[in-house]
Amino acid sequence: MSHSHDMDMPDTVTSTEASPTGALDGEYDDAMGYYTPGEPLVDTKAPQGPIADRWQNRKFEARLVNPANRRKLSIIIVGTGLAGASAAATLGEAGYNVKTFCYQDSPRRAHSIAAQGGINAAKNYKEDGDSVHRLFYDTVKGGDYRSRESNVYRLAEVSTNIIDQCVAQGVPFAREYGGLLDNRSFGGVQVSRTFYARGQTGQQLLIGAYQALERQISAGTVSMFTRHEMLELIVADGKARGIIARDMVTGEVQTHLADVVVLASGGYGNVFYLSTNAMGSNVTAAWRAHRKGAYMANPCYTQIHPTCIPVSGSHQSKLTLMSESLRNDGRIWVPKNQADCDKDPREIAEEDRDYYLERIYPSFGNLVPRDIASRAAKNVCDEGRGVGPEVDGVRRGVYLDFADAIDRLGRDAVANKYGNLFDMYARITGEDPYSVPMRIYPAVHYVMGGLWVDYDLQSTIPGLFVTGEANFSDHGANRLGASALMQGLADGYFVLPHTIRDYLADGPFEPIGEDHPAVVEARTSVTDRIQHFLSVNGTRSVDSYHRELGNIMWEYCGMERTETGLKKAIDLIRGLRDDFYRNVKVLGTSESLNQSLEKAGRVADFFELGELMCIDALNRRESCGGHFRGESQTEDGEALRHDDEFAYVAAWEWAGLDERPVLHKEDLVYTAIEMKQRSYK
Amino acid sequence: MNLTLKIWRQPDAVSAGAMHTYELADVSPDMSFLEMLDVLNEQLNDQGEDPIAFDSDCREGICGMCGLMINGDAHGPEVTTTCQLHMRSFSDGETITIEPWRSDAFPVVKDLVVDRGAFDRIIQAGGYVSVNTGSAPEAHSVPVPKDDADRAFNVATCIGCGACVAACPNGSASLFMGAKVTHLGLLPQGQPERDERVVNMVAQHDHEGFGGCTNIGACTAACPKEIPLDVISQLNKDLRTAIKHGH
């Protein structure tokens with residue numbers, strides 16, 4: 001393909017060498033000048049052979065550690081969500097010495113708890129044609145052919161064990177009258193493979209993992225550090241050997257050393273400030289590891305969910321998701337005329353309403369995939385036809401109207417199906433969705449990108465493993481509904497415990513002391529950073545910077561990305577970051593609970609991540625999954641993928657602040673599946 | 001709306017605390033209660049005064065991290081979590097009193113933040129099924145009657161926020177404990193450890209300094225997940241049975 005390009009480079013970047021992308025001479029790349037091409041990533045440790053045998057073979061080949069040696073080996077796990085708590089419990093049961101860290105007051109608070117819909121597993125209890133291979137196929141296809149097939153197959157393979165394990169723990173899944181487990185269909189797939197516990201599946205699974213973890217804490221195999229935040233990774237003699245953590249209550253900066261470190265620290269959706277993530281969800285653990293040599297893969301892949309409750313004012317601190325099952329019966333519309341946007345929707349005549357999804361996508365209507373529904377909502381609001389309160393001069397909301405459904409089915413039937421969601425909506429907005437149409441707007445929900453890991457879930461730093469949303473491996477460019485819980489528990493219960501033993505078989509490694517140069521360096525960088533934030537004494541709060549960064553990311557690296565917008569965003573982020581370091585105001589001391597100080601460190605890392613996300617999005621001049629490039633669409637405005645150019649994982653290496661990151665490509669090769677372009681027309 | 005806020009300030013666990021009064025103008029009825037405190041904190045930060053520390057995380061009513069005594073009620077006037085309480089539940093000109101959870105077993109860490117580690121230690125004492133990863137039987141090998149599964153789910157929705165303790169005149173965690181004992185006691189997987197579980201959890205509860213149940217029912221009235229009072233009957237029944245079995 002040939003494109004015309006704006007060749008202006010930002011001031012901070014020097015001119016580029018010939019053939020800077022590593023591509024054929026004469027070809028361009030939108031991100032030229034923002035990065036340095038690096039060597040391809042060729043060894044993913046994915047086993048060869050028939051795909052169905054790979055995991056069995058890897059488990060067999062992974063060396064064992066005998067039980068007597070396990071207690072001499074120490075493991076640090078950061079994060080206690082599904083991926084962290086399940087790994088900590090399992091490795092504790094196996095007899096290793098485990099230390100686990102979370103920033104909340106209890107491991108049970110981790111944000112896995114907020115997942116609503118369910119967990120997929122290829123049990124085929126409905127005898128409807130499901131199988132491990134079909135779950136594998138659906139996941140690769142749903143990820144728009146941007147995930148590594150060996151990893152995804154393994155995920156589908158161990159999915160069935162997860163359900164067995166959770167039931168044995170006492171997770172109260174929904175059941176049928178015969179006493180067996182109920183399943184439902186979820187996220188547009190044609191089989192019923194989703195296990196659920198009403199609308200609180202994440203909560204029940206996390207409590208199961210949490211209880212297993214607490215059992216090991218009681219048994220003495222796991223030490224739990226709550227209200228502790230990892231602020232630096234210790235890499236000594238080429239291996240991850242520990243972390244620097246801050247006790248958030250006393251402010252003490254602590255060194256924790258181990259033979260191996262696992263990050264299960266979740267996703268970074270809060271780079272957008274407003275998201276459905278928890279307030280404390282952050283990228284710091286992963287980003288600190290990235291700065292120490294762990295590659296960050298596909299950071300631009302973000303999932304934006306179409307059915308969230310809109311922003312009500314500039315005070316908004318987070319967004320709340322409502323199940324997208326609402327789109328089964330609700331009709332989405334906005335007024336045809338801008339003049340009607342502040343009217344009572346019930347007084348807007350039928351002919352003055354634009355049911356835009358039904359109009360543009362007559363065959364799928366309101367049930368188009370998440371990304372299409374989200375983008376269409378943004379477009380009508382950008383046109384000035386949004387509804388609800390004006391925030392910063394724009395109305396960002398569209399109606400989701402149940403009037404027809406109530407006429408057709410009756411109020412009681414609608415209440416039976418959606419009662420709890422209607423109640424939640426009413427509590428947050430103060431409006432009654434039975435009589436006034438709901439207002440919805442898309443929100444950032446999940447990130448598919450994360451630290452690059454090989455088949456063993458090991459990062460590019462030996463001895464640093466990454467699990468759950470924090471890694472990149474299983475969802476490609478888009479995650480299917482009910483698959484986040486599956487991946488978190490697959491990694492923690494059934495994958496990591498096998499792969500980590502192969503690494504630990506070489507341990508225990510030579511002990512290092514607090515005086516090791518790598519430890520001293522890590523500690524110093526943490527204390528210097530804390531001192532810096534406390535000493536700036538500027539004029540703006542941390543939150544005000546975070547909000548502004550979020551606006552930039554949402555505007556230019558959100559639902560639709562363009563070359564011009566992304567380049568502008570990079571400039572804006574760099575400017576804002578400089579101002580932050582000079583002008584942020586953090587009061588108080590480091591010797592006590594100081595929530596502004598905690599946030600300052602997280603926002604500082606979000607600046608650097610945000611810039612890399614924009615560079616990654618700039619480089620990927622194709623539309624795939626959750627990543628939509630304005631320049632890469634069909635005549636009908638559909639996403640257009642370019643497998644010839646972009647069937648790779650973009651793994652970015654940190655090169656230093658204000659240095660150009662290095663791009664390493666891992667080619668995606670499919671042997672068990674054929675790549676296809678999707679269509680919803 | 002304009003509000004007068006009386007808020008408990010306490011620099012750390014060992015220092016004495018006191019109520020401080022703040023004025024906050026232009027509060028939107030659409031704000032959540034915690035967003036109202038965010039706005040106050042921005043104002044304090046601008047004025048050079050240390051922002052008020054309070055806990056919250058998911059802000060959608062499920063993680064259990066938030067929890068404040070608002071005008072003397074745990075989580076305030078509605079049956080919900082503090083993060084899901086909105087300012088439209090208050091009126092212009094109102095004075096609102098905000099305190100941390102009241103309980104000896106939940107010591108104050110700073111301002112409105114308390115230490116609920118005692119809840120984790122109660123779970124450590126027995127709030128689990130002992131099943132190692134990989135040793136589970138096939139999920140359909142043990143059917144569970146739907147009514148039992150549904151009821152187990154209902155009581156398993158406890159979010160561990162501590163409102164029950166804060167509301168109780170005797171600082172009891174019986175509702176929290178009863179919910180877990182009932183959840184696991186209703187399922188076949190919970191039977192082998194049933195006696196031991198309740199005995200050990202109750203012993204830990206008492207050791208932590210929580211009080212005994214005094215049959216008031218303030219706990220269930222304050223519970224944002226509406227855990228019913230009869231889980232405490234189940235708790236007592238399980239304890240009596242375990243003692244009869246010689247525990």
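The model is a predicted one.

**Entry 1: domains of chain B.** I then listed the contacts: 18 residues of domain 1 of chain B touch 17 residues of domain 2 of chain B. On the domain 1 side of chain B I have eight nonpolar, seven polar and three charged residues.

**Entry 2: chain A against chain B.** I found 61 residues of chain A in contact with 63 residues of chain B. On the chain A side, the elements giving two or more residues include α3 (82-94), α5 (149-169) and α16 (595-619) of chain A. I note α6(A) as the element that gives the most, with nine residues. By class, the chain A side holds 21 nonpolar, 26 polar and 14 charged residues.

**Entry 3: helix α1 of chain B.** I checked the length of α1 (residues 33-47) of chain B: its 15 residues should span 21 Å at 1.5 Å a residue, and the end C-alpha atoms are 21 Å apart, so the two agree. I looked up its buried residues; among them are Phe33(B), Leu34(B), Met36(B), Leu37(B), Glu35(B), Asp38(B) and Asn45(B). The buried residues of α1(B) pack against β1 (3-9) and β2 (18-24) of chain B, and also against α16 of chain A. Just past α1(B), I read a positive phi of about 80° at Gly48(B).

Key
Residues are numbered from 1 along each chain as its sequence is written. Chains are lettered from A and ligands numbered from 1 in the order in which they are written. This is a predicted model: local features need pLDDT of at least 70, side-chain atom pairs count only at pLDDT 80 or more; totals for chains, interfaces and linings use all residues. Two residues are in contact if their C-beta atoms, placed from the backbone, lie within 7 Å. Ala, Val, Leu, Ile, Met, Phe, Trp, Tyr, Cys and Pro count as nonpolar, Asp, Glu, Lys and Arg as charged, and the others, Gly among them, as polar. Helices (H or I, at least four residues) and strands (E, at least two) are DSSP runs, numbered from the N terminus. The expected span of a helix is 1.5 Å times one less than its number of residues. A residue is buried if 20 or more other C-beta atoms lie within 10 Å of its own, exposed if 12 or fewer, and partly exposed in between; C-beta atoms are placed from the backbone.
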